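Please read the following as a short walk through one protein model. The sequence and the structure come first, and the explanation follows.

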Amino acid sequence: MEFSGGVGVVLEGVRASVTALDALEREDASLAAGASVGAGVDVLQRRYELCLEGLEVMARLEAQLAAVKSRRAARAVELQQAMTPPDASDTDRTYAQMSVVEEIAGVLTISSAAAGAFVDQSRRICSLPPVMNALAAGVMSWQHARIVADETEGLDAVGAAGLVAHFFDPATPDPARGAAPGELVPSRFRAKVRGWRERHHPESIQKRHAKGVADRRMEYIPDKDGMAWISLYLPGDTACAIWNRTTATARGLQGPDEPRTLSQLRPDIAASLLLGAGQAAGEGSTGTAPGTQGVTGIGKVPAPRADVLVTVPVFSLLGLTDEPAVLDGFGPIPASMARKLVAGGAESFYRVLVDPQDGAPLEIGRKNYRLTETIKRWIRMRDGKCTFPGCSNRTPDNETDHLQAWEHGGTTGTSNLAQLCPKHHRLKHHSQWTPDPATSKDPPGWTSPTGRHYNPEQQDAEPTHWPPGSLPPWLQREAAGKCQCLEASLENLPQGEPDDDRYVDINDLSPDDPLWAELLAAPLVPSG
């Protein structure tokens, strides 16, 4: 598979990038040498901007070279296959391919395993023209292209093409919203791609989850400086609960007399819970390394509540469909896992109202400064994480911030609120990073001090899966318009047209109305 326009076009782009980089370097050198500039030009500011522009050009150049490099690797394998005699045995063909991988490993000075992975990823990327063309144009990095290669593995040709079209073809039905693939940091792009893959994989997430559960394990890896890593491979809801509990407990321990950071407290707390406070505090036979502290009396710590939101379609909750739910701070989970959380009376579960047309949370307003817990949870659902460009912080202790300050006329509604981690909350108030207004369904974009705009990462919410023939005609008409508050059990729904006063339009319901607290706090348990 060749690039659109051929390798020659890509090399022209490489030459253009090199020329642009050279021009930037020349201008910077001239300014550094004291060349005269126009009145009002801040030389230091201009040189700073030249550094950033140079980094942009170099990122584009690296992507263009990665496209040529991966095509060379894939072509080397193709040529080796062409040189293999048609009547060669399977063994001979296997060793011929092993040989070319080893040649590539030697040329690039990488391990055989790394070369094998590079060849496999290169061949897959070359088989997906929109991905290769984006890489060749320099609009996304090799890391982004490799993510597509990883996440399309195991999909058939139709599934892989659907994933690629969703993220790279704006003309496809229901394309990805918000920032383009290359505008997202790789970890966030992987999260979006994986979320789409989980919903559209030909094998249900329930079956794949069952296979994953069988592989759960704990790993221990010694490291330098007398340290080591412990990792757990667990079901997503369990891992999320562990993370949130340690985070909440760490928040409860923080104070003027606690020198440890949140990152230091989490492992101390986990060790205390696993080993008992005595050993973690240094009473065990191994002792405690200088500079570390144990955590005693964990059970007495007044830890803040760590709410975890679970968004689950009502039909999936009732067992009528297998549509995945979404666990806040994790991503898609099997419907059975969501049903278990709800049926078990999990205190952190809150009923979520979504628009059945696109699956997005609906707007809730507020007219005074103080934020209700309802609005905070709604912002968490809409944003999914800290909204600052590139930040992946999804912890429950992210802060809900006014985009336009209250004292400067900002209102307390979802269009003027966004989730920020403590670090970027402070940066916003002490720098010229400026957020855009949000909307009822989408988080804000941001503009940097040098004027660069970063589009928001928008969640790919999708319409709810409706069981064929399971709804009365009047309810189907309701779902096509404004979302109404649905009762938990469909079995008891009347078959005729209901009276209008039985339903409440959420746009007419004050956030102060006690109905919200009652609705969101009530556990939603399937009937039967």
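How many helices and strands are there in the protein? There are 18 helices and 10 strands, where helices (H or I, at least four residues) and strands (E, at least two) are DSSP runs numbered from the N terminus. This is a predicted model, in which local features need pLDDT of at least 70 and side-chain atom pairs count only at pLDDT 80 or more, while totals for chains, interfaces and linings use all residues. Residues are numbered from 1 along each chain as its sequence is written, and side-chain values use heavy atoms, with hydrogens and water left out.

Of the 528 residues of the protein, 41% count as buried; buried means under 20% relative accessible area, exposed over 50%, and partly exposed in between (1.4 Å probe, protein chains only). Among the contacts (heavy atoms within 4.5 Å) with a separation of 6 or more, 60% join residues 24 or more positions apart.

In soluble globular proteins, nonpolar side chains tend to be buried together. A nonpolar core here is a set of buried Ala, Val, Leu, Ile, Met, Phe, Trp, Tyr and Cys residues joined through side-chain atoms within 4.5 Å. The largest one has 39 residues, and Val 131, Leu 135, Val 148, Phe 168 and Phe 189 have the most contacts inside it. Helices α2 (43-83), α3, α4, α5 (129-136), α6, α7 and α8 each supply at least two residues of this core, and α2 gives the most, with seven. Apart from this core lies another, of 10 residues, including Cys 240 and Leu 327.

Leaving aside neighbours within four places in sequence, its contacts include Ala 63, Ser 70, Met 140 and Trp 142.

Helix α8 (residues 186-200) has 15 residues and reaches 21 Å from its first C-alpha to its last.

How do two of the helices pack? Helix α3 (residues 90-108) and helix α4 (residues 112-126) pack at an angle of about 105°, with their axes 8 Å apart. They are therefore roughly perpendicular to each other, a term for angles of 65 to 115 degrees. Residues that meet include Val 101 and Leu 108 in α3, and Phe 118 and Val 119 in α4.

How values were computed
The expected span of a helix is 1.5 Å times one less than its number of residues. Axes are lines fitted to C-alpha atoms, for helices over the stretch in contact, and angles run from 0 to 180 degrees between N-to-C directions. Angles under 35 degrees count as roughly parallel, over 145 as roughly antiparallel, 65 to 115 as roughly perpendicular and the rest as oblique.
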